[in-house]
Amino acid sequence: MNHQDIIDFINQSASPKIKYAFTDIDGVLRGKIIHRQKFLDGLTDGFGFCDVVWGWDSADMPYDNGRTTGWHSGYPDAPVRIDVSTFRQLPWEDNIPFFVADFSPPANGTPTNYALASCPRSLLKRVASQCEEMGYHAEFAQEFEWFNFRETPHSLQEKNFQHMEPLTPGMFGYSILRPSLESAFYHDLFDLLAQFDIPLEGLHTETGPGVYEAAIMHDEVIRAADKAALFKTAVKEIAYRHNVVATFMAKWNADLPGCSGHIHQSLWNPEKTKNLFFDDTQPNRMSELMRQFMAGQLYCLPHITPMFAPTINSYKRLVEGAWAPTTITWSVDNRTTALRVLNHKEAYTRVEHRVSGADTNPYLAIAASLASGLYGIRHKLTLDIPASVGNGYADKRNGILPTNLEEATRAMANSPVAAELFGTEFVDHFTRTRDWEWRQYLRQVSDWELKRYFEII
């Protein structure tokens, strides 16, 4: 449907309601239901939205270190704009029309505002424009692992998040048997997501009690990020309807595998007829462009790690032997390295970024992935890091990833590379939010500390 067809559809709809949403810095969807007339009236100039969404964390606690907004600014409205091209309908809510929004400038001008520098989707749009100006079409997809529990939001609170009941018991990776226990939920995920314009390539169990993995169909980079961002909330909403709670925490249990959010990426010619990462005449069928792209990603990775690992919990996943990388490495079809090359045929040749977790904001993780790859192309970096052979955890020749959020945030805040990639305003805002997250963690007393120190010390 083109723009006018969508407007006509909205005008003729039996329901006067429209839902729209955008992600905050943590990837949490924030939005509203509005009346059809308000939707139509705001298509040109946007809608006023309280800018506190850039001034608080995922628990709605205001930052004490923010510059973007805060008590000092009075939390005014900022103009949010709906992207009409993102039109879809919510099949589990009577097919109400739904749109993705962001804090981009108006089409007829480029004024800046304090919210624009903080908006993850706007950041990705700027990176995608750079990619297009360089003559490339970026094709991306994100895949997710997540755990499901036979709980409700109320039961989780009552249990204090202890003794939660997994949807199914046991370690049943790639099982055909286990999904049959919850076939209505399993098939609703696949079918309703497709109806919501998030078609899946595949859906299966991973190893662990009640854990699923879904690979989203690849698409143009902004549409791919939209699908990934909406996927996480859509899964949670579908789960609610089956009395299930889904979590995308990177590592909810120390004894179980973590949850990834791997990013699959390739660059094509503008006509989308040739995969520019594939060259049958080169070693491993990897083109020079692909090697530059990967060299940029590996070079930039320690400068921008919080965009792939944004929470305290992220770093509990990035440990040796836990199916997540810890070293700045690459290899061909090797699941122990940061970058995994898949190159069996041209149509599917791509780089899989394996640092990214399920807890990422897809817009930020994908923007970081694309921007760092383009950095390598612009600077004509050479992939002089040898491919890892065997266990990538043991290959520390090029260094290791930061081991906690504080270390990673400090590196990004002081990095001229990060500033070049994303601009000083975004880096300042984002790293301030990660510093806040770290300080909230430092104030807490964990169960581990109680068990270890309470009696014996």
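Colleague: What should I know about the source first?

Modeller: This is a predicted model, in which local features need pLDDT of at least 70 and side-chain atom pairs count only at pLDDT 80 or more, while totals for chains, interfaces and linings use all residues. Residues are numbered from 1 along each chain as its sequence is written, and side-chain values use heavy atoms, with hydrogens and water left out.

Colleague: What volume does the second largest pocket have?

Modeller: Its volume is about 900 Å³. A pocket here is an open set of points on a 1 Å grid over the protein atoms alone, with protein on both sides within 12 Å along at least five of seven lines; lining residues have an atom within 4 Å of a point. A volume is the space filled by probe spheres set on the points, which are joined across faces, edges and corners.

Colleague: Which lining residues are closest to its centre?

Modeller: Of the 41 residues that line the second largest pocket, these are Glu143, Glu213, His264, Arg340 and Glu352.

Colleague: And which elements give two or more residues to that lining?

Modeller: They are β6 (137-149), β7 (200-205), β8 (211-216), β11, β13 and β14. The largest share, seven residues, comes from β6. Strands are DSSP runs (E, at least two residues), as are helices (H or I, at least four), numbered from the N terminus.

Colleague: How does β14 pair?

Modeller: Strand β14 (residues 350-353) pairs with β11 (residues 263-268) in the antiparallel sense over three bridges, and Ile263 stands opposite His353. Strand β13 (residues 339-342) also pairs with β14 in the antiparallel sense, over four bridges, with Val341 opposite Val351. Pairing requires that DSSP finds at least two bridges between the strands.

Colleague: Changing topic, how many cavities of 30 Å³ or more are found?

Modeller: A search of the whole structure finds one. A cavity is a set of points where a 1.4 Å probe fits but cannot get out. The largest cavity has a volume of about 40 Å³, and its lining includes Thr168, Phe172, Arg178 and Tyr212.

Colleague: Finally, why does the length of α3 agree with expectation?

Modeller: The 14 residues of α3 (residues 120-133) should span 20 Å at 1.5 Å a residue, and the end C-alpha atoms are 20 Å apart, so the two agree. The expected span is 1.5 Å times one less than the number of residues.

Colleague: What follows α3?

Modeller: Gly135 follows, with a positive phi near 95°.
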